[in-house]
Amino acid sequence: MKKPQLTQTYRPNQLLSAVYRRFFETIQLDEGWAESIRRWAEQGTVIYVLRNLNWLDFFALDYLTKRHGLPEIRYVPDLGLWVLNPMGKGWSNALGMRGDVTPRAELEDAFEHGGTAALFLKRPPNFWDATRGYSGERGLRQGDELVRALFEIQRKHERPLLLVPLVFLWSKFPDKAGLKPIDFVLGPRHWPSPVRSIAQYLVNRRHVALKLGEPMNVRTFLDNTQGLLDEVRVRRITYAMLRRLERERRSITGPAEKPAARVRHEIVRSPKLRNAIEDLARVEGGDRHRFAQKALAMLREIQAIPGPATIKGMELLFNWAFHRIYRGIEYDLRDIARLRAASREGTLVLLPSHKSHIDYLILSYIFNEQNLPLPRIAAGDNLNFMPVGPFLRRGGAFFIRRSFQGDKLYATVVDGYVRRLIRDGTTIELFLEGGRSRTGKLLAPKFGLLSMVVDAALAVPQQRVNFVPVSIGYERVIEAGEYQRELSGGEKQKEDARGLFRTPEILRHRYGRINLQVGQILSLSEVRHELGLPDTGPLTPAKRRQLVTRLGNRVMDEINRVTAVTPGALAALALLTHRGRALGHAELMERCSHLLAVCVSEKARISPALVDSAEGGTLRGEAIREALQMFVDAGYVEAFTQAAGKRESKKPPVLSEESVYAVVEERRLALDTSKNILIHFFLERALVAASLNRGAGLQTPRAWVEQRVQRASRLFKHEFRFKADAAFQQIFDATLTTLQHEQLLAAQAGMLEAGAGAGGWSAEQWLNTFSDVLRSFFEGYRIAARGLKLLLAAPLAEKELLKRSLALGETMYLAGEIDCREAVSKPLLQNAHSALIDFGYVRSREGKLELTDTFNSLDAVAEIERWIAGYVDRSHESPETNPTHHHG
């Protein structure tokens, strides 16, 4: 007699099927999740394990498993729907028609018929639990009987049972510590009832996700726990599965949040801050309570207080605004997968480049889109003004003073807050450069806040902290006009509400694409290993500073390495390295193609918009045309037609193969910001090219070139990030080898000369282009050298010297002594002054700069200018006349 089937799959009617398809089809799934389950199903019997009893979870899982052709659910425990329980259990359970059928029998039947089961480990607390005195937040035991049944089934069969953890995230917002009365009706946010899950779905529809954890082999578990009672095994396997489920859930929601006031008081009661308060009370006198209240006030000033409503509003606002002003936001989903994996392993510390105020928003926007925990963002207190400050604070920003030197209490409070974030596992975002780069290049790292983060990480050695370098690139920054004014010598304007009135002007323009790239994720143990420091144990203050410095520099080098070549940056580079007044479309495209080839040879990442992968990664002309249109619309570039010879009036020109482009001289500084994003990919080639003799065939003694490259590298010590993983000689030799391999240089009998050329360009064209990459920098340093004459009369404060040197630079540009208007730049002159101090030409004394005794003469100052000008002035001395001239 045929054995009756005890289980069946769920078959919803047509109406419910349509409803399920409408609601469940949009649930985000891990890439490859279906393939993973199929692979595991070949190895054993898959059993789906979920956190808490929820019929909405079952219906969603049942739909998705059928939708993707995965093992179908034939058994699920009582879902609490009484007569509406699925799989024929409703009325049969209600009327007691199922007799003595046990869960074990049903499970075996489901497996025998090729199906599987859905197992819930917990159930949310309800009102009746509250009346019985339950007040916990861990959920209530639910699946113990089924786990015991699985043990018994596994002992009878060879085929392994695989418990596959799955968790639905109906809300991406963090849990709240503690339970409210409503939580006993609807379930807590982290143990939601179906009603609460539906409400969460309606609010969070775009971000509802199903996360898949690593499976657990029941046979292996039983083998590894021999000698234990099944009751103990049930507890162990249940908690192991809950930990895996929780890890997946926290990879989206982040850690649970406590009330803001409670967090502040806990920080003030921490041992380190308590000791600092006691020391201040003892040294400065006064009541300890007064200092504690002062610390609480500081924490209120600092603390981020994220609010779901604000975050949801920001999502809607920025989704509209970003798509209005930017052509797109580019990022690699493989980078997102790496971030997600690192988030599961430990705390993330995001360390992005900083070129725009948009940086504060863009990572949070992408993390929100990709269901990653939103970061707490370290922002300067200059942004804490109405109404922006409260808005950003509710979005996750915490505000710190630009400087708190001398204020021991404030420094300790900030340190305590950062330690709390690290210990809780909260993702943190901070900007190593401190302020925004106005030039497009990376600024030198500032280690203050990073040092606090490292200290906090060292204090919890059992917790992994992942440091994430992130490059954020813009084809055009929204602050370009503001930056040009500041670069030209204007003072930085304080941020305030009046700046908000510029928003409509911003929304009328397009700013190209944003490109985000994630570098190698670093850990402290890796950096300690590089430095030869022990993997564990305390560090001396000197070793700790060494660790922080190496970490910070590694992060900055990674940001440079992964910075992507975008259409806007490439077009700006091609335009600003061209010596003529204008160039035609075909010539511009040729320059872009050649410059792109150099970036590719340097293993630079390339914007997907820039190349046509279908044609082997060739340059997309349309991408360059779009970038040029952006620059034309912004007033950086003028476009002419070859036929008319002038730009059309009244309406913007339509760019075509006949277009001719000229950079607007007054806007070169703004365009330079876009160009400088890529300059580090050309740095070594450019230094060699600028150091060659400009005579016939570029013939130059190799030793003389090496000497000049080394001197220029010293000169630009404060300007560029040079490779720190190799000595100068190694880098110089490798660069010459590369240029010879590319047939741009030839070497013979200790002499360097022009090679055969490549790609349709002569060697001279290539080397002149490389040299022109640095032309504005050499000219800027020449302005600074000319400005040293101002110190012959009397020492000057650096601010005054900068002001006069900028005016001098304008005069030199108008007189035709320098070619690049972007050389007249405040940061360029500031870096030049630092270099001139390093060379021993200038010193700082009593807050003023003065010439050193050796160079306190007109001839000496003129000689300094002459050797700097020699890198770009074709009339400079030849190596035959002065092969070994040294300065400094």
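**View 1. Gln743, a partly exposed residue with a positive phi.** At 44% relative accessibility, Gln743 counts as partly exposed, a class that lies between buried, under 20% relative accessible area, and exposed, over 50% (1.4 Å probe, protein chains only). Gln743 has a positive phi of about 65° although it is not a glycine, and its place is in the loop between helix H31 (728-741) and strand E25 (745-748). Helices (H or I, at least four residues) and strands (E, at least two) are DSSP runs numbered from the N terminus. The model is predicted, so that local features need pLDDT of at least 70 and side-chain atom pairs count only at pLDDT 80 or more, while totals for chains, interfaces and linings use all residues. Residues are numbered from 1 along each chain as its sequence is written, and side-chain values use heavy atoms, with hydrogens and water left out.

View 2. Asn371 is found in the loop between H17 and E11, where its phi is near 55°, a positive value in a residue other than glycine. Asn371 is buried, with a relative accessible area of 1%. Pro387 is found in the loop between E11 and H18, and the peptide bond that leads from Met386 to Pro387 is cis, with omega near -5°.

View 3. A search of the whole structure finds 12 cavities of 30 Å³ or more, a cavity being a set of points, on a 1 Å grid over the protein atoms alone, where a 1.4 Å probe fits but cannot get out. About 220 Å³ of space lies in the largest cavity, where a volume is the space filled by probe spheres set on the points, which are joined across faces, edges and corners. The largest cavity is lined by 16 residues, and Met314, Phe318, Ser364, Tyr365 and Gly395 lie nearest its centre; lining residues have an atom within 4 Å of a point. The elements that give two or more residues to this lining are helix H15 (308-325), helix H17 (359-369), strand E11 (376-380) and helix H18 (388-395), with the largest share, five residues, coming from H17.

**View 4. The salt bridge between Arg513 and Glu330.** Arg513 forms a salt bridge with Glu330, the closest N and O atoms being 3.7 Å apart; the term stands for a side-chain nitrogen of Lys or Arg within 4 Å of a carboxyl oxygen of Asp or Glu. The pair links distant parts of the chain, 183 residues apart, with Arg513 in strand E15 (residues 513-518) and Glu330 in strand E9 (residues 328-330). Both Arg513 and Glu330 are buried. The structure holds 71 salt bridges.

**View 5. The salt bridge between Glu602 and Arg685.** The side chains of Glu602 and Arg685 meet in a salt bridge (2.6 Å, N to O). Glu602 lies in the loop between helix H26 (585-601) and strand E19 (605-606), and Arg685 lies in helix H29 (residues 683-691), so the pair ties together parts that are 83 residues apart in sequence. Glu602 counts as partly exposed at 28% relative accessibility, whereas Arg685, at 4%, counts as buried.

**View 6. A network of salt bridges.** Lys258, Arg262, Glu266, Arg420 and Asp424 are linked in a network of salt bridges. Side chains of opposite charge can pair when their charged atoms come close.

How values were computed. 1 Å grid on protein atoms, 1.4 Å probe; cavity = no way out; pocket = protein on both sides within 12 Å on 5 of 7 lines; lining within 4 Å.
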